[in-house]
Amino acid sequence: MTFLKISKVIKAYQKDKPILSDFSMNINSGQVISLVGESGSGKSTLLRIIAGTENRDSGEVYLGDMLIQNPKEKLVPGYDEIQLVYQEYKLYPNSTVEENILRPLLLYDKSYRKYRLEKLLELLGLQDFRNNLPKELSGGQQQKVAIARALSLEPKVLLLDEPFSSLDTIQRRELITELKNMFKSLGVTVIFVTHDLDDALQLTDQLVILQNGKIVQEGKPAEIFSKPQNMYAAKLFSHLNKIPGKKKKFIRPTDISLFKTSGLPVLVKDVQYLVHYNQLTVKLSNGEIWLLEDKNRKFAINEKLHVKWEPEKELLIK
Ligand SMILES: Nc1ncnc2c1ncn2[C@@H]1O[C@H](COP(=O)(O)OP(=O)(O)OP(=O)(O)O)[C@@H](O)[C@H]1O
């Protein structure tokens, strides 16, 4: 059942230069999706429009039966039901973790406030830090407090706008894994915006790929990997090698097998040690440069080798 309905939204900051053009998307209740797009593709603008804190030029956003009003139409912009957390989300520096989480609940009765506070401290594993100030926490812990604060009002929709960008890779992965389980248990609907496909995949396998304010493709990662709709969607997953003599046909390095004797001959120009394989930069006989994955770390610079791939792995990219 559609829960959040975004319908034909248009937004331009400058005349005739729309950031979002006729943008439509439907999200079910409890769904967690990752919205991946390059910088400037309109991700943050879209989230602010969904949250009701940015005016749209036309189109509609519905949460259930409720039409989200533009901030100019509303005395207090935004909705308790829809909470947005972003990278520079500031905690109150002179307030403790407890006080930060309780801030949005000031108008609620004491027993409910206490109940929500304890629940959120527990959910996010922040009990031991309840009396700490933000500056006494790591970046990851601070973001947890920000998320706890956003969840304090029991929102139906949580919008995450690259909230983990300032964290290092390990912190980020750990936090995303923790949050993934928490979102599932809460049943909250989540849109996670990022430009990093790895982060997106850590949280969910529901992907929406955005480019220039338009959805280029949505679906499961494996589908997009094997049938990308355009170059941007294709390259999010890996480098592409152009197949000689075949127009608009490409092959991913991971789909290429390396042999000593049979196949298309190439010459190794460079070897780069990466986590799961050595990345080989090779030259084809027509002078083109390809990247290969040497999973057994066998080949060295100036060595000749041969490559093969299965024709069904070839990608046709318009
Ligand atoms: N308040 C504003 N006034 C004018 N232009 C804006 C405003 N906010 C965003 N823009 C422009 O709109 C475009 C889309 O910005 P937006 O922040 O929505 O993209 P994004 O995909 O979230 O980018 P990033 O990943 O870099 O944050 C950019 O070109 C930006 O400069």
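Predicted model: local features only at pLDDT ≥ 70, side-chain atom pairs only at ≥ 80, totals over all residues.
Visitor: Which residues of α1 are called buried, and what makes a residue buried?

Guide: They are K43, S44, T45, L46, L47, R48, I49, I50 and A51. A residue is buried if 20 or more other C-beta atoms lie within 10 Å of its own, so each of these residues reaches that count. Just after α1, G52 takes a positive phi of about 80°.

Visitor: What surrounds the ligand?

Guide: Y13, I19, G37, S39, G40, S41, G42, K43, S44, T45 and H195 do. Helix α1 gives the most to this shell, with three residues.

Visitor: How many residues of the shell are nonpolar, polar and charged?

Guide: Two are nonpolar, eight polar and one charged.

Visitor: Which residues have the most contacts inside the largest nonpolar core?

Guide: I50 and L159, in a core of 62 residues. Helix α4 (residues 139-151) gives the most to this core, with six residues.

Visitor: What is L159 in contact with, leaving aside its neighbours within four places in sequence?

Guide: L47, I50, A51, I82, Q83, L84 and I191. Contact means C-beta atoms within 7 Å, so each of these residues meets that cut-off with L159.

Visitor: Which residues does the second, separate core include?

Guide: Among its twelve residues are F250, I251, V268 and W290. In soluble globular proteins, nonpolar side chains tend to be buried together.

Note on methods
Residues numbered from 1 in each chain as written. Core = buried A, V, L, I, M, F, W, Y, C linked by C-beta atoms within 7 Å. Helix = DSSP H or I, 4+ residues; strand = E, 2+ residues; numbered from the N terminus. Contact = placed C-beta atoms within 7 Å. Near = placed C-beta within 6 Å. Nonpolar A, V, L, I, M, F, W, Y, C, P; charged D, E, K, R; others polar.
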